[in-house]
Amino acid sequence: MADEQKPKQKLGFTIIKNDPTDGHKGFGIGSLSLENITPVVVDTKEGIASIEIGAMHAKSDLERGIKFTTNREDSEGGKLYWLVWVTIDFNENGPYYAGVTSCEMIVNREKRRGYKLLADHVNLMDKSMKRRVIVDNMDEKSKKILADFLKGHNEDMWNNSEPKLHIDLSQSSPHL
């Protein structure tokens, strides 16, 4: 019976909308809600940023068909992208960009290879969810593209955000 293939076990990840403890005390208690986090991909070369929901599970159009490794040389000659985790929260003025963290990703379509550090992507997603702003690894052009995207997406949310976000994404960021 060693020839028979067992179906692969899949590890499920449950995303629960709203407050998981709202209205009942059963399923979902202590579950992580990812409702207010959105992955944004910044393409510095093209000068654009866009929401890529598939990136939440490493299945964005950008990542499809690419074998990712932790060795930069595998994707040499590839294109640099920034995966940015944007967390939304509410304060007395309304919704705002509460957490913004950026992760590097290189994709070489020709070689069908890419570079990313998955552990960093997960850790930075967590830091975004904890309302941190970490964008000092981005170059000035990428920061401007991201700032323009966030402003353009919702100017009120941009204006309600902490000054640190504005400072860290400004052209003259003191962290560089």
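Buried, as used in these legends, means a relative accessible area under 20%, and every view shows a predicted model.

**View 1. Ser128, a buried residue of helix α1**. Ser128 lies in helix α1, and because its relative accessibility is 0%, where the limit is under 20%, Ser128 counts as buried. The side chain of Ser128 makes a polar contact with the side chain of Thr87, at 2.6 Å. When neighbours within four places in sequence are left aside, the residues in contact with Ser128 are Ile37, Trp85, Val86, Thr87, Gly99, Val100 and Thr101.

**View 2. The largest nonpolar core, with the surroundings of Val84**. This core has 21 residues, and those with the most contacts inside it are Val84, Tyr97 and Leu146. At least two residues of the core are supplied by each of β1 (37–43), β4 (79–91), β5 (94–108), α2 (140–153) and α3 (155–160), with the largest share, five residues, coming from α2. Not counting residues up to four places away in sequence, Val84 touches Thr38, Pro39, Val40, Val42, Val100, Thr101, Ser102, Met138 and Leu146.

**View 3. A second, separate nonpolar core**. This core has 16 residues, including Ile37, Ala55, Leu62 and Met125. Ile37, which is included in this second core, is also among the residues in contact with Ser128.

**View 4. Glu110 and Arg112 in the loop between β5 and β6**. Glu110 is found in this loop and is exposed, with a relative accessible area of 79%. The C-alpha atom of Glu110 is separated by 9.3 Å from that of Gly77, although the two residues are 33 residues apart along the chain. Arg112 also has its place in the loop between β5 and β6 (113–115), where Arg112 has a positive phi of about 55° although it is not a glycine. Arg112 is classed as exposed because its relative accessible area is 53%, against a limit of over 50%.

**View 5. Arg131 in the loop between α1 and β7**. Arg131 has its place between α1 (118–129) and β7 (133–134), and, although it is not a glycine, Arg131 has a positive phi of about 70°. With a relative accessible area of 38%, Arg131 is partly exposed, because this class holds the values between buried, under 20%, and exposed, over 50%.

Note on methods: Residues are numbered from 1 along each chain as its sequence is written. This is a predicted model: local features need pLDDT of at least 70, side-chain atom pairs count only at pLDDT 80 or more; totals for chains, interfaces and linings use all residues. Side-chain values use heavy atoms; hydrogens and water are left out. A nonpolar core is a set of buried Ala, Val, Leu, Ile, Met, Phe, Trp, Tyr and Cys residues joined through side-chain atoms within 4.5 Å. Buried means under 20% relative accessible area, exposed over 50%, partly exposed in between (1.4 Å probe, protein chains only). Helices (H or I, at least four residues) and strands (E, at least two) are DSSP runs, numbered from the N terminus. Contact means heavy atoms within 4.5 Å. A polar contact is a pair of N or O atoms within 3.5 Å; within protein, one must be able to donate a hydrogen and the other to accept it, and residues adjacent in sequence count only if both atoms are side-chain atoms.
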